Amino acid sequence: MRKTAALILIPVLAAALAGCGQRASLAVKQGERLPPTPYGRGVQPKPMELLSPPTLAIPERSVELRTRSEAREDDPYDLPPPE
């Protein structure tokens with residue numbers, strides 16, 4: 001029973017792993033279309049443009065990290081649990 005399961009499972013796992021490393025460029029399948037053009041934009045974006053996030057989607061860190069231990073300020077929302 002175990003040998004049969006192993007003989008079936010090994011080719012399935014090998015086929016699944018073989019598809020993981022595909023590096024082909026992305027393209028629209030035959031007979032399908034890209035999503036509709038965004039509102040206010042006159043030109044349909046290309047597939048690679050849709051995959052690259054805009055600058056606003058990846059903001060830079062604007063908060064300074066604490067370099068030493070400091071006392072916490074009082075939190076008005078840190079309430080005890082209801083009884």
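**The salt bridge and its setting**

Analyst: The structure holds one salt bridge, a term that stands for a side-chain nitrogen of Lys or Arg within 4 Å of a carboxyl oxygen of Asp or Glu. The model is predicted, so that local features need pLDDT of at least 70 and side-chain atom pairs count only at pLDDT 80 or more, while totals for chains, interfaces and linings use all residues. Residues are numbered from 1 along each chain as its sequence is written, and side-chain values use heavy atoms, with hydrogens and water left out.

The partners in the salt bridge are Arg41 and Glu49, whose side chains meet at 3.2 Å, N to O. Arg41 has a relative accessible area of 43% and is therefore partly exposed, a class that lies between buried (under 20%) and exposed (over 50%), with a 1.4 Å probe and protein chains only. Glu49 is also partly exposed, because its relative accessibility is 41%.

Pro45 lies in the loop between α1 and α2, where helices (H or I, at least four residues) and strands (E, at least two) are DSSP runs numbered from the N terminus. With a relative accessible area of 4%, Pro45 is buried. Once neighbours within four places in sequence are left aside, Pro45 is in contact with Leu34, Pro38 and Leu50, contact being heavy atoms within 4.5 Å. Pro35 is ten residues from Pro45 in sequence, and their C-alpha atoms are 9.2 Å apart in space.

As for the rest of the chain, there are two helices and zero strands, and 1% of the 83 residues count as buried. The chain exposes about 9300 Å², of which carbon and sulfur atoms supply 59%; accessible areas come from the Shrake-Rupley method with a 1.4 Å probe, and for residues only the protein chains shown count as cover.

Ile8 belongs to helix α1, residues 2–18, and counts as exposed because its relative accessibility is 54%. Together with Leu9, Val12 and Leu13, Ile8 forms a nonpolar surface patch with about 390 Å² of accessible area. Patches are made of residues with over 30% relative accessible area and no salt bridge, like charges being joined within 9 Å and nonpolar side chains (Val, Leu, Ile, Met, Phe, Trp, Tyr) within 5 Å.

Asp74 is found in the segment after α2 (47–51) and is exposed, at 75% relative accessibility.
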